[in-house]
Amino acid sequence: MKNDYLDETPQLLKVLNWISVLLLLIASWMVFFYAPLEAVMGQVQRVFYFHVAAGWLGMAAFFVAVVAGIAYLIRRTAKWDVLGVAAVELGLIYMFVNIVSGSIWARPAWNSWWTWDPRLVTATVMELVYLAYLMLRQGIEEPERRARFGAVYAILGFATVPLTFFSIRIWRTIHPVVIGSGDAGAKGSFEMTSTMLQTFMFSLATFTVLGIVLLWHRYRLGKLEAQVEEMRMEALDY
Amino acid sequence: MEIKSPGFLASIKAILWKDIAIEWRSRQMLSAMMIFALLVILIFNFALELDARARINVTAGVLWATFAFAGTLGLNRSMAIEKEGDALDGLLLAPIDRSTIYFGKLLGNLLFMFVVELITLPVYSVLYNVNLFNAGLLLVIVLGSLGYAAVGTLLASMAVQARTRDLLLPVLLFPVVIPALVAAIRASSGFLSGLEVEFIMPSLNLLIAYDLVMLALAYMFFDFVIEE
């Protein structure tokens, strides 16, 4: 068995660490100073840039977990499982940021912290699915079975996401669709000016880089965890 | 000597029959589910003050919440009996296609849900003086229970192998069964309030889509869940 603990942080990751810090600073500056003040909603509209970016990243992370799950079921190598957990944990955090920031925006824009809109419900149900995923893993000690069940549940949970969305969609939505065509009943929609669009795109790119960096770190941590577990099992065997 | 495998349908039938026979002899699970279902209705009665006006709007919701809660009892029990005395290992050793174990257990769970539902409906009708024997509603109950049991059987066979067992099943099951419950509640209340079928169709279609997707996924995944 290879007991290399944690190998040296790769050069690329070190560089990416600093790049993501820099990008975050620039993105925050753009959100507060570069993007214009939105005429109707005022300052609170600035939540939008990071709100959408976090939501996109959450979805992407859960999708990575599904891909890792499929890869695990085919290949049966532990690294795919490690990647799957890493993606789920990060996805939970991004989605949480997305939900909370949306709530802060919704209070002035919709005059309520919460509505039972398809997007809101879907994001929340997704959060619950992947919390259940973590609980499932906690309940199983044997690593191979834990990975197998985790993979199955991650895929199954993701498959229900569109179904949840459409089941709530049968009611009319009030969530604005800023990109693409929106619903006539949507409240709090606005037209993006070119500087707004630039800020938005920049935030998306920043969050994507940040997401990759965090996923990478969490993946390395997961590998270390797996090694610790393996050593504990060996120690118990003696 | 070569062991001849029974056919696909014959193995499903054998597993279903085994579950019916076990239940027939003890009647533990069905009586627990039934009493539990009645208790849930009783609690809803006081929680929601089911007076004549409120009743029309919430009947579908109360019914489905009752079925969903009572259903987890049955699902947990149905897999727990396979774990006791390593009965599942026996099933796995049998020279049969493993998916037949899934379909056999699924049919058993579905049957027990139907029994509970068929007893809950008239009781609810009598208690609240509403006529629930509506062909549309029965169709929704069949479709909704199928989706619920399809995903529930798969997840119960996962939960039973975990340390936390019966604690785990509702946590795993409810978030993924929400679309089926939402669609079933909408369709049921549509039929109960005499809505035209074209307004109910979207919910029914969603329910059918859910059933098909979950059956397909469970069929694919069951092998991964019970392999030892």
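This is a predicted model: local features need pLDDT of at least 70, side-chain atom pairs count only at pLDDT 80 or more; totals for chains, interfaces and linings use all residues.
Residues are numbered from 1 along each chain as its sequence is written, and chains are lettered from A and ligands numbered from 1 in the order in which they are written.

**View 1. Chain B is built from eight helices and zero strands.** Helices (H or I, at least four residues) and strands (E, at least two) are DSSP runs, numbered from the N terminus. The C-alpha trace of chain B spans about 70 × 35 × 30 Å along its principal axes. For 228 residues, a compact globule would have a radius of gyration near 17 Å, and the 18 Å of chain B agrees with that. (The radius is taken over C-alpha atoms, and the globule rule is 2.2 Å times the number of residues to the power 0.38.) Of the 228 residues in chain B, 46% count as buried. Buried means that 20 or more other C-beta atoms lie within 10 Å of a residue's own, exposed means 12 or fewer, and partly exposed is in between, with C-beta atoms placed from the backbone. Take the contacts in chain B between residues at least 6 apart in sequence: 82% of them join residues at least 24 apart. A contact here is a pair of residues whose C-beta atoms, placed from the backbone, lie within 7 Å.

**View 2. Chain A has six helices and zero strands.** Along the sequence, chain A reads α-α-α-α-α-α. Its C-alpha trace spans about 70 × 45 × 25 Å along the principal axes. Of the 238 residues in chain A, 37% count as buried. Residues 24 or more positions apart make up 74% of the contacts in chain A with a separation of 6 or more.

**View 3. The largest nonpolar core has 131 residues, and A:Ala87 and B:Val151 touch the most other members.** Helix H7 (residues 168-192) of chain B gives the most to this core, with 16 residues. A nonpolar core is a set of buried Ala, Val, Leu, Ile, Met, Phe, Trp, Tyr and Cys residues joined through C-beta atoms within 7 Å. Zoom in on B:Val151, leave aside its neighbours within four places in sequence, and its contacts are B:Leu173, B:Val176, B:Val177, B:Met214 and B:Ala218.

**View 4. Chain A and chain B meet through 25 residues from each.** On the side of chain B that touches chain A, the elements giving two or more residues are H7 and H8 of chain B. That side of chain B divides into 20 nonpolar, three polar and two charged residues. For these classes, Ala, Val, Leu, Ile, Met, Phe, Trp, Tyr, Cys and Pro count as nonpolar, Asp, Glu, Lys and Arg as charged, and the others, Gly among them, as polar.

**View 5. Helix H5 (residues 143-169) of chain A and helix H8 (residues 197-226) of chain B have axes that come within 11 Å and cross at roughly 175°.** H5(A) and H8(B) are therefore roughly antiparallel to each other. Among the residues making the contact are A:Phe149, A:Leu156 and A:Phe166 of H5(A), along with B:Tyr210, B:Leu217 and B:Phe224 of H8(B). By class, this contact of H5(A) with H8(B) has 14 nonpolar, one polar and one charged residues. Axes are lines fitted to C-alpha atoms, for helices over the stretch in contact, and angles run from 0 to 180 degrees between N-to-C directions. Angles under 35 degrees count as roughly parallel, over 145 as roughly antiparallel, 65 to 115 as roughly perpendicular and the rest as oblique.

**View 6. A:Val88 and A:Val100 are both in helix H3 of chain A.** A:Val88 is buried, with 27 other C-beta atoms within 10 Å. Not counting residues up to four places away in sequence, A:Val88 touches A:Ala65, A:Tyr130, A:Tyr133 and A:Ala154. A:Val100 is partly exposed, with 14 other C-beta atoms within 10 Å.

**View 7. A:Asn111 sits in the loop between H3 and helix H4 (118-138) of chain A.** Its phi is near 65°, a positive value in a residue other than glycine. A:Asn111 is exposed, with 9 other C-beta atoms within 10 Å.

Note on methods: Two residues are in contact if their C-beta atoms, placed from the backbone, lie within 7 Å.
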